[in-house]
Amino acid sequence: MKKKRLVVLSGAGMSAESGISTFRDMGGLWEKYSIEEVATPEAFQNNPELVLEFYNQRRSQLESVEPNEGHKIIARLQQNFDVQIITQNVDNLHERAGSKNILHLHGELTKVRSTKHPNLIYDIGTKPIKIGDNCDKGAQLRPHIVWFGESVPAIDQAVPIVNSADIFVVIGTSLNVYPAAGLIMYAKHEIPKFLIDPNNVEVPYGLDFNVIKKGAGEGALELEKKINQYI
Ligand code: OAD
């Protein structure tokens, strides 16, 4: 029988239990760095060394972190569901836990691209990039990350994915950043929807979610039990 399609929208909280800071919680990344300094095209123009260094650190951090229980349970759900992940995270922890279908809305730390030829994208793993590291056509490389003020090209792919969900799950996102947060309104009205987060999340559009008020690991375990009935 055809597996039901389970779509997961994940955010920074998904990776919190792996030791990667979220953005907006206490002690989150945007308390330590300002968005304007490291995550906008203007920042890269004004101080490219600082911006490259910020992402070099994030990339190098991937070497010392591991997927957590939450990532592993989501990967395990593939046995019984057709799982499609849409993540705002730029880490590679869903992949490393064994999930197969992952759309990265905000880019990927392990990739860099040309500043002049956006289709020239390279896998660099966890290596740093410096000023003077160029693409094959001689232009400076930059992180393959969506910065504030830039468009989110993957959103066009994400909308039909959410719309095709038989079950929709939101994990570890404050739903503060658009267009990602707006994706939730494309889930069909009648399908079961779950939201896993240890804190209160204000859900836009007044949509009705089954809230599992737990961290990603415990929350995913509870989700797994609750969706058994839909297999
Ligand atoms: P936020 O930092 O805004 O939200 C993180 C969410 O995770 C919050 O709702 C927390 O309550 C929740 N959380 C904390 N610990 C958790 C845990 N152990 N398990 C599950 N959830 C937990 O992060 P995002 O919503 O992902 O964009 O932020 C969206 C975008 O803003 C990011 O992709 C990034 C950022 O600026 C770019 O870099 C373009």
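Hi everyone. Before we start, one definition: two residues are in contact here when heavy atoms of theirs lie within 4.5 Å. Please also keep in mind that this is a predicted model.

With that in hand, let's begin at serine 99. Serine 99 sits in the loop between α7 (93–97) and β3 (102–104). Which residues does serine 99 touch, not counting residues up to four places away in sequence? They are Ile74, Ala75, Gln78, Ile85 and His94. Is serine 99 buried or exposed? Its relative accessible area is 5%, and buried means under 20%, so serine 99 counts as buried.

Now to the strands, starting with β7, which covers residues 167–171. In this strand, 5 of the 5 residues are buried, so β7 is largely enclosed by the rest of the structure. You can see this on both of its sides: Ile167, Val169 and Ile171 point one way, while Phe168 and Val170 point the other way.

Who are the neighbours of β7? One partner is strand β1, residues 4–10, which runs parallel to β7 and is joined to it by 5 bridges. If you want a spot to look at, find valine 8, which stands opposite valine 169 in β7. Another partner is β8, paired with β7 in the parallel sense over 4 bridges. Here the spot to look at is valine 170, opposite leucine 195 in β8.

Let's step across to β8 itself. This strand is covered on both faces, with Lys193 and Leu195 buried on one side and Phe194 and Ile196 buried on the other. Phenylalanine 194 has asparagine 210 in β9 as its bridge partner.

Between β8 (193–196) and β9 (210–212) there is a loop, and tyrosine 205 lies in it. Tyrosine 205 has a relative accessibility of 45%, so this residue counts as partly exposed. Tyr205 also takes part in a nonpolar surface patch of about 420 Å², together with Tyr178, Met185 and Tyr186.

Next, a helix. α5 runs over residues 48–61, so 14 residues, and its first and last C-alpha atoms are 20 Å apart. That is close to the 20 Å expected at 1.5 Å a residue. Which residues of α5 are buried? They are Pro48, Val51, Leu52, Phe54, Tyr55, Asn56, Arg58 and Arg59.

With 22% relative accessibility, lysine 111 counts as partly exposed. Lysine 111 touches Ile121, Tyr122, Asp123, Ile124, Pro143 and His144, leaving aside residues up to four places away in sequence. The C-alpha atoms of lysine 111 and isoleucine 145 are separated by 8.4 Å, although these residues are 34 apart along the chain.

Last topic: charges. Side chains of opposite charge can pair when their charged atoms come close. How many salt bridges does the model have? The count comes to 8.

Let me walk you through some of them. Glutamate 66 and arginine 96 meet through their side chains at 3.8 Å, N to O. Glutamate 66 is in the loop between α5 and α6 (69–76) and arginine 96 is in helix α7, so this pair ties together parts 30 residues apart in sequence. Glutamate 66 is exposed at 52%, whereas arginine 96 is partly exposed at 36%.

Then there is arginine 76 with glutamate 224, whose closest N and O atoms are 2.7 Å apart. Arginine 76 belongs to helix α6 and glutamate 224 to helix α9 (residues 216–226), so the parts tied together are 148 residues apart in sequence. Arginine 76 is partly exposed, at 35% relative accessibility.

A further pair is glutamate 150 and arginine 142, at 2.9 Å, N to O. Here glutamate 150 is partly exposed at 23%, while arginine 142 is buried at 7%. Finally, Lys214, Glu222 and Lys226 are linked in a network of salt bridges.

Terms used: Residues numbered from 1 in each chain as written. Predicted model: local features only at pLDDT ≥ 70, side-chain atom pairs only at ≥ 80, totals over all residues. Heavy atoms only, no water. Patch = residues over 30% accessible without salt bridge, like charges linked within 9 Å, V, L, I, M, F, W, Y side chains within 5 Å. Areas by Shrake-Rupley, 256 points an atom, 1.4 Å probe, with all protein chains shown as cover. Salt bridge = Lys/Arg side-chain N within 4 Å of Asp/Glu carboxyl O. Helix = DSSP H or I, 4+ residues; strand = E, 2+ residues; numbered from the N terminus. Buried < 20%, exposed > 50% of the residue type's maximum accessible area, 1.4 Å probe, protein only. Expected span 1.5 Å × (residues − 1). Pairing = 2+ DSSP bridges.
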